[in-house]
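Q: I'm new to this one and would like to go through it step by step. Could you put it up and tell me how to read the element names before we start?

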Amino acid sequence: MVSGKSIVRFNATSKRCAIKLPALDRHSSLRRLMKTETKKIESLDTLFIRTYGCQMNEYDSGRMADMMKQAYGLRLVPTPDQADVILMNTCSVREKAEEKVYSELGRYKKLKEKRPDMIIGVGGCVGQQEGERIQQRAPYVDVVFGPQTYHRLPEMIKEIRRDRVCLTEIDMPEIEKFDHLPKAESHGVSGYVTIMEGCDKFCTFCVVPYTRGPEISRPVDDIIEECRQLLDGGAVEINLLGQNVNAYRGDGPDGEEWDFTMLLYAVAELDGLKRLRFTTSHPMEMTSELCVAFAEIPQLMPYLHLPVQSGSDRMLKMMHRGHDRETYFRIIEELRSHCPDIALSSDFIVGYPGESEEDFEATLDLVRRVVFDSAYCFKYSPRPGTPAAKSEDSVSEDVKDIRLQRLLALMREQAREGMQRQVGKIIDVLVEKEGRNPGDMAGRTPDFRIVHFKGQMRQIGQIMPMRIIEAYGQSLRGELIITDG
Ligand code: SAH
Ligand code: SF4
Ligand code: F3S
């Protein structure tokens with residue numbers, strides 16, 4: 001039976017979809033889609049979600065699972081071969097993102113050949129960017145959606161089942177998806193809450209402003225309510241998420257606009273909250289009040305991820321980051337004046353177009369001056385539709401590799417020293433889960449280091465003082481100094 005049709009809902013006039021996509025050959029797309037076997041699904045029971053990318057995507061996948069459970073009673077399964085619905089939540093921030101998606105889809109195609117009734121969906125940032133092109137290349141994909149449309153999934157799936165259509169839904173609606181999501185379910189000790197989305201900064205190398213749209217903040221009351229649900233469900237730690245989380249400006253309960261620091265103080269008041277964290281911050285949105293909050297809010301943990309990308313003023317300017325290296329140093333100085341032991345982490349890009357040896361040396365110099373506890377270091381990769389992609393990718397792959405290795409070597413040294421400094425200290429560890437070795441449990445220090453120790457399952461969710469007895473590259477070993485009886 002061949003009766004498939006494709007529906008594309010894409011608000012082409014929206015300023016938010018700023019990437020200029022090549023004109024699509026709708027007819028050939030339709031023709032190819034017509035050839036796909038149409039679905040006749042009687043019952044859906046199981047769901048598999050493959051998540052790539054940032055914590056915002058992790059959060060979104062969790063919400064998709066909650067939503068599908070509520071709408072269709074779908075149960076999450078650990079592998080795609082048992083699933084009636086497979087969703088990919090994709091990321092397009094760095095190279096080969098699209099290719100990874102297509103090769104993974106190739107595996108799902110084989111599953112669908114055996115079970116034509118299953119539904120395959122591609123969401124997230126590649127979904128947003130590629131849109132209808134995904135179904136042109138992979139006609140067995142039933143639904144393509146973006147980070148701002150996944151709340152419509154239950155409806156879309158109903159439509160797919162009822163009308164035997166393939167859907168692409170990647171507009172960026174004015175209405176907030178958050179208004180349409182079900183109650184958050186708690187999944188463990190640490191809960192995640194997206195408080196703002198999108199990005200208005202338009203760094204020249206980055207796709208995020210195009211895939212996630214402009215910065216939109218959720219109202220304070222909604223955030224507080226979601227945090228409360230997570231705490232009621234057993235979480236003791238809350239992580240507030242946003243592409244530029246400290247750019248938060250949301251409607252407060254008093255009718256005024258609240259900034260990020262005001263929100264932090266309000267969340268910290270919640271009963272049952274033991275630890276509060278947030279990510280990712282932008283240097284241009286750091287305020288003195290936020291630096292002070294690290295000293296004033298006991299639940300706010302001493303760890304900050306503050307991407308800088310480069311230590312060269314010339315590069316920072318070309319990247320359109322909006323600040324220079326001195327500004328970054330000043331922020332760190334202010335932070336450390338209020339919270340001397342704060343652990344710092346950052347993101348770096350090496351080999352941005354035009355980066356000279358001198359520029360790269362300036363990055364190493366910044367790292368030596370600041371001293372980080374961890375960092376994510378990337379080779380620059382041109383992303384379609386971004387301003388930087390129009391410049392020649394002038395730094396050779398070999399030079400990028402060498403610079404990356406040099407930066408990583410310095411980072412490893414700093415990280416190792418940071419870990420070593422913990423040995424002998426007595427530190428409060430929040431027990432999160434079972435460790436890898438038998439009898440081991442794993443938890444985190446306030447400054448976000450992983451600690452393994454001999455413990456028990458029932459300690460999950462408790463904060464336990466431990467003596468740190470050994471440091472490894474990425475983690476610590478601790479010893480309980482008191483037992484919980
Ligand atoms: N909003 C955050 C970062 C979000 S993207 C911030 O501005 O700090 C996560 C990281 O991916 C960036 O910090 C950057 O280091 C890296 N990244 C983004 N685009 C990239 C590209 N085209 N090539 C290499 N790394 C990139
Ligand atoms: Fe990308 Fe820059 Fe926005 Fe971060 S601030 S998401 S790097 S454009
Ligand atoms: Fe990737 Fe989109 Fe997050 S591009 S990093 S999944 S915002």
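A: Helices here are DSSP runs of H or I with at least four residues, strands are runs of E with at least two, and both are numbered from the N terminus. Please keep in mind that this is a predicted model. With that naming, arginine 403 is found in helix α14, which covers residues 397–420.

Q: Okay, is arginine 403 buried or exposed?

A: Arginine 403 has a relative accessible area of 6%, and buried means under 20%, so arginine 403 counts as buried.

Q: And what does arginine 403 contact, leaving aside its neighbours within four places in sequence?

A: Once those neighbours are set aside, arginine 403 is in contact with Val350, Glu355, Ser356, Glu357, Phe360 and Val395.

Q: Let's switch to methionine 67, where is that found?

A: Methionine 67 is found in helix α2, which spans residues 55–72. Its relative accessible area is 4%, so methionine 67 is buried.

Q: What does methionine 67 touch, not counting residues up to four places away in sequence?

A: With those residues left out, methionine 67 touches Tyr150, His151, Leu153, Pro154, Leu181 and Pro182. As for leucine 300, which lies 233 residues apart from methionine 67 along the chain, the C-alpha atoms of the two are separated by 30 Å.

Q: How do α2 and α6 cross?

A: The axes of α2 and helix α6, the latter being residues 153–163, come within 9 Å and cross at roughly 55°. That angle is why α2 is described as oblique to α6. On the α2 side the residues are Met64, Met67, Met68, Ala71 and Tyr72, and they meet Leu153, Pro154, Ile157, Lys158 and Arg161 in α6. By class, the contact of α2 with α6 has eight nonpolar and two charged residues, with no polar ones.

Q: What about α10 and α12, at what angle do they cross?

A: Helix α10 (residues 288–296) and helix α12 (residues 325–338) have axes that come within 8 Å and cross at roughly 30°. Angles under 35 degrees count as roughly parallel, and α10 and α12 are therefore roughly parallel to each other. The crossing in which α10 passes α12 is right-handed.

Q: Which residues make that contact between α10 and α12?

A: From α10 the contact takes in Ser288, Cys291, Val292, Phe294 and Ala295, while α12 brings Ile331, Glu334, Leu335 and His338. Sorted by class, the residues of the contact of α10 with α12 are six nonpolar, two polar and one charged.

Q: Moving on to the strands, in what order does the closed barrel run?

A: The closed barrel has five strands and runs β18-β19-β20-β22-β21, with mixed pairing. From one strand to the next, the twist averages 55°.

Q: How many bridges join β18 to β21, and how many join β18 to β19?

A: Strand β18 (residues 426–434) is joined to strand β21 (residues 463–471) by five bridges, and the two run antiparallel. Between β18 and β19 there are four bridges, and that pair also runs antiparallel.

Q: What are the hairpins around β19 like?

A: β18 and β19 form a hairpin with five residues between them, and glycine 439 in the turn has a positive phi of about 85°. The hairpin of β19 and β20 has five residues between the strands, and phenylalanine 448 takes a positive phi near 75° there. Phenylalanine 448 is not a glycine, and its relative accessibility of 27% is why it counts as partly exposed.

Q: Last topic, which loop holds valine 371, and what is its phi?

A: Valine 371 sits in the loop between α13 (357–370) and β17 (374–379). Its phi is near 65°, a positive value in a residue other than glycine. At 32% relative accessibility, valine 371 counts as partly exposed.

Q: And what kind of peptide bond joins threonine 279 and threonine 280?

A: Threonine 279 and threonine 280 are joined by a cis peptide bond, with omega about 0°. Threonine 280 is placed in the loop between β14 (275–279) and α10.

How values were computed:
Residues are numbered from 1 along each chain as its sequence is written. Chains are lettered from A and ligands numbered from 1 in the order in which they are written. This is a predicted model: local features need pLDDT of at least 70, side-chain atom pairs count only at pLDDT 80 or more; totals for chains, interfaces and linings use all residues. Side-chain values use heavy atoms; hydrogens and water are left out. Axes are lines fitted to C-alpha atoms, for helices over the stretch in contact, and angles run from 0 to 180 degrees between N-to-C directions. Angles under 35 degrees count as roughly parallel, over 145 as roughly antiparallel, 65 to 115 as roughly perpendicular and the rest as oblique. A crossing is left-handed if the near helix is turned anticlockwise from the far one by less than a right angle, and right-handed if clockwise. Contact means heavy atoms within 4.5 Å. Ala, Val, Leu, Ile, Met, Phe, Trp, Tyr, Cys and Pro count as nonpolar, Asp, Glu, Lys and Arg as charged, and the others, Gly among them, as polar. Buried means under 20% relative accessible area, exposed over 50%, partly exposed in between (1.4 Å probe, protein chains only). Two strands pair if DSSP finds at least two bridges between them.
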